[in-house]
Amino acid sequence: MDIIYNICITLVLIGALNWGLVALFKFDLVAALLAGGGNFGNISTLSRIIYGLVGLSALYIGYDFIMLML
C-alpha cells in the first residue's frame, strides 16, 4: 500500500503545482508537456487521463486522511 500512497501523493503534488501555475501564469504544465500547447484549456486525451488520475489520487489521499482521523 505504501507504493500506491506514494504514487498518489506524487500525482496530487503534480496537480497542485499545475493549478498554481494556471492561477499565477495561465500556464498549464500538463497541456504543455502532453498536448504541446501550454494554454489553459488545451486538453488532449492523454491530458484528460493525467487529470483523471490526479483527481482519483486526491480522493484516495482524502479518504486515507479521513480514516486516519477516525
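A residue is called buried when its relative accessible area is under 20% and exposed when that area is over 50%; these legends apply the terms to a predicted model.

**Figure 1. S57, a buried residue of helix α3.** S57 lies in helix α3 and has a relative accessible area of 3%, which is under the 20% cut-off, so S57 counts as buried. Once its neighbours within four places in sequence are set aside, the residues in contact with S57 are C8, L11 and V12. S57 is one of the buried residues of α3, a group that also includes S47, V54 and I61. The cover over the buried residues of this helix includes α1, residues 2-25, and α2, residues 29-34.

**Figure 2. Helix α3 from end to end.** Helix α3 runs over residues 45-69 and holds 25 residues.

Figure 3. The residues L33, L34, L46, I49, L53, L56 and L59 together make a nonpolar surface patch of about 690 Å². Helices α2 and α3 are the elements that give two or more residues to this patch, and the largest share, five residues, comes from α3. One of the patch residues, L56, is found in helix α3; its relative accessibility is 56%, which is over 50%, and L56 therefore counts as exposed. Helix α3 thus carries the exposed L56 as well as the buried S57.

**Figure 4. G15 in helix α1, shown with L29.** G15 is found in helix α1, and because its relative accessibility is 10%, a value under the 20% cut-off, G15 counts as buried. In sequence, G15 and L29 are 14 residues apart, while in space their C-alpha atoms are separated by 9.4 Å.

**Figure 5. K26 in the loop between α1 and α2.** K26 has its place in the loop that joins these two helices, and with a relative accessibility of 68%, over the 50% cut-off, K26 counts as exposed. The phi angle of K26 is near 55°, a positive value in a residue other than glycine. Most residues other than glycine have a negative phi.

**Figure 6. The whole chain, as context for the close-up views.** The chain has three helices and zero strands, and read along the sequence these elements follow the pattern α-α-α. Of the 70 residues in the chain, 20% are buried. Among contacts between residues at least 6 apart in sequence, 33% join residues that are at least 24 apart. The accessible surface of the chain comes to about 5,200 Å², and 74% of this area belongs to carbon and sulfur atoms.

**Figure 7. Confidence of the prediction along the chain.** The mean pLDDT of the chain is 88, and 87% of its residues reach 70 or more. Among the elements, α1 has the highest mean pLDDT, 93, whereas α2 has the lowest, 83. Where pLDDT is low, the predicted coordinates should not be read in detail.

Notes:
Residues are numbered from 1 along each chain as its sequence is written. This is a predicted model: local features need pLDDT of at least 70, side-chain atom pairs count only at pLDDT 80 or more; totals for chains, interfaces and linings use all residues. Side-chain values use heavy atoms; hydrogens and water are left out. Helices (H or I, at least four residues) and strands (E, at least two) are DSSP runs, numbered from the N terminus. The expected span of a helix is 1.5 Å times one less than its number of residues. Buried means under 20% relative accessible area, exposed over 50%, partly exposed in between (1.4 Å probe, protein chains only). Contact means heavy atoms within 4.5 Å. Patches are made of residues with over 30% relative accessible area and no salt bridge: like charges are joined within 9 Å, nonpolar side chains (Val, Leu, Ile, Met, Phe, Trp, Tyr) within 5 Å. Accessible areas come from the Shrake-Rupley method with a 1.4 Å probe; for residues, only the protein chains shown count as cover. A salt bridge is a side-chain nitrogen of Lys or Arg within 4 Å of a carboxyl oxygen of Asp or Glu. pLDDT is the predictor's confidence in each residue, from 0 to 100.
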